Amino acid sequence: MSASAVFILDVKGKPLISRNYKGDVAMSEIEHFMPLLMQREEEGALAPLLSHGRVHFLWIKHSNLYLVATTLKNANASLVYSFLYKTVEVFSEYFKELEEESIRDNFVIVYELLDELMDFGFPQTTDSKILQEYITQQGNKLETGKSRVPPTVTNAVSWRSEGIKYKKNEVFIDVIESVNLLVNANGSVLLSEIVGTIKLKVFLSGMPELRLGLNDRVLFELTGLSGSKNKSVELEDVKFHQCVRLSRFDNDRTISFIPPDGDFELMSYRLSTQVKPLIWIESVIEKFSHSRVEIMVKAKGQFKKQSVANGVEISVPVPSDADSPRFKTSVGSAKYVPEKNIVIWSIKSFPGGKEYLMRAHFGLPSVEKEEEEGRPPIGVKFEIPYFTVSGIQVRYMKIIEKSGYQALPWVRYITQSGDYQLRTS
């Protein structure tokens, strides 16, 4: 079972728009949602599922809106939450920003979308590109006698229209890995993981079938390719776009699919592996007679010398009552952000194997206050092109289409910082 009704509420809990799909839950039940939410918040027992009598509220918050689904039965909760997040995604595609004002300005389109997104409580067409074929931004300009359902809605391949044509057939593949890292004050790595996504930009005519080959360890073991010469990666928590044939992947680890047109995320994966910190940070704090503090930060690139990290930003916490900042950097520039109590050291280009220094001097009315507060971690942002920390590789991309055209696949690798923090003593 799925949702009985879906509501979009403002920040005070007042319904802006709603759609009753099954009629088995009174629409007035939504009046109990906000008092229940506030009560749970005061008790410190807030949960994504709230109940009032026999009615269950499954909710998410986005910007200044609450999206709430009600149900009477034992619903498939993960399906309902996936639907609510997908609804946010579709509305954001239509209105750029999803907030109270965009809902009020687009009532007609929102109603049309709610009608198409779900039917009798079950998700239907949730692909924004397909919805945009027949629900346009000029939704209030009705044209009689011209209504037609796009064939994609009734096709087995609901995410791709027929008859797409391009003069030049190309596929762009982006392999993007985010490094999540937490290092304690002693220099020990407490948390280390890689979260990867493979994104495609598809400009292909017709209804092509694509096959993507990765250096997947399970595939290598199945095909007898595993060995010292063939570096492989063990992928965990793999999630695919709906276009991927899961039965084929389960059988022989082949990633086979008919792609949507344009941009989409083909898959995501995770690796819980010990990652050597790509940018290592050391910091020393010197205090002088309760009147000033000097912070020295050393940054070292611990990745291959031929690689370069771009747009590096190192956020160094400073005491909340610090003033009169002065900086000296061996490269890049530093600026004080008093509202966040941090110094941001920006380095445009950071080659692997290099070491850089930054010194910051601050006036300090009271050293004792800083000691009471404790020190937040140093945060690092960066992006390293042409490099993946896991060693994942696209081995091949086969493009098969009945007309037999030649198509070019282009591959780009990027490693970037995720939640990357180093604690200091």
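Author: Let's start in a loop. R253 sits between α8 (246–252) and β12 (255–257). Keep in mind that this is a predicted model.

Reader: What is the phi of R253?
Author: It is positive, about 60°, although R253 is not a glycine.

Reader: Is R253 buried or exposed?
Author: R253 is buried, because its relative accessible area is 19% and the cut-off for buried is under 20%.

Reader: And S324, where does that lie?
Author: S324 is in strand β17 (residues 323–329). Its phi is near 50°, again a positive value in a residue other than glycine.

Reader: Buried or exposed, that S324?
Author: Exposed. The relative accessible area of S324 is 52%.

Reader: Let's zoom out. How many helices and strands are there in the protein chain?
Author: Nine helices and 23 strands. The C-alpha atoms fill a box of roughly 80 × 60 × 40 Å along the principal axes.

Reader: How much of the chain is buried?
Author: Buried residues make up 46% of the 425 residues.

Reader: New topic: rings. How many aromatic pairs are there?
Author: The count comes to 13. One of them is F33 with W59, an edge-to-face pair. The ring centres are 6.1 Å apart, with 65° between the planes.

Reader: Which parts of the chain does that pair link?
Author: Distant ones. F33 is in helix α1 (residues 33–43) and W59 is in strand β4 (residues 55–62), 26 residues apart. F33 and W59 are both buried.

Reader: Which residues form a cluster with them?
Author: F57 and Y66. Together with F33 and W59 they form one aromatic cluster.

Reader: Which charges sit over rings?
Author: Among them is K22, with its charged end over the ring of F120, 5.5 Å from the centre. K398 lies over the face of Y396, at 5.1 Å from the ring centre.

Reader: Now helices. How do α2 and α4 pack?
Author: Helix α2 (residues 77–95) and helix α4 (residues 107–117) meet at an angle of about 140°, with axes 11 Å apart. That angle makes α2 oblique to α4.

Reader: Which residues make the contact?
Author: From α2, F83, T87, V90, F91, Y94 and F95. From α4, I109, V110, L113, L114 and L117.

Reader: Is the crossing left-handed or right-handed?
Author: The crossing of α2 and α4 is right-handed.

Terms used:
Residues numbered from 1 in each chain as written. Predicted model: local features only at pLDDT ≥ 70, side-chain atom pairs only at ≥ 80, totals over all residues. Heavy atoms only, no water. Phe/Tyr/Trp six-rings, centres within 6.5 Å; stacked < 30°, edge-to-face > 60°. Helix = DSSP H or I, 4+ residues; strand = E, 2+ residues; numbered from the N terminus. Buried < 20%, exposed > 50% of the residue type's maximum accessible area, 1.4 Å probe, protein only. Lys NZ or Arg CZ within 6 Å of the ring centre and 35° of its normal. Axes fitted to C-alpha atoms, helices over the stretch in contact; angles between N-to-C directions. Parallel < 35°, antiparallel > 145°, perpendicular 65-115°, else oblique. Left-handed = near helix turned anticlockwise from the far one by under 90°. Contact = heavy atoms within 4.5 Å.
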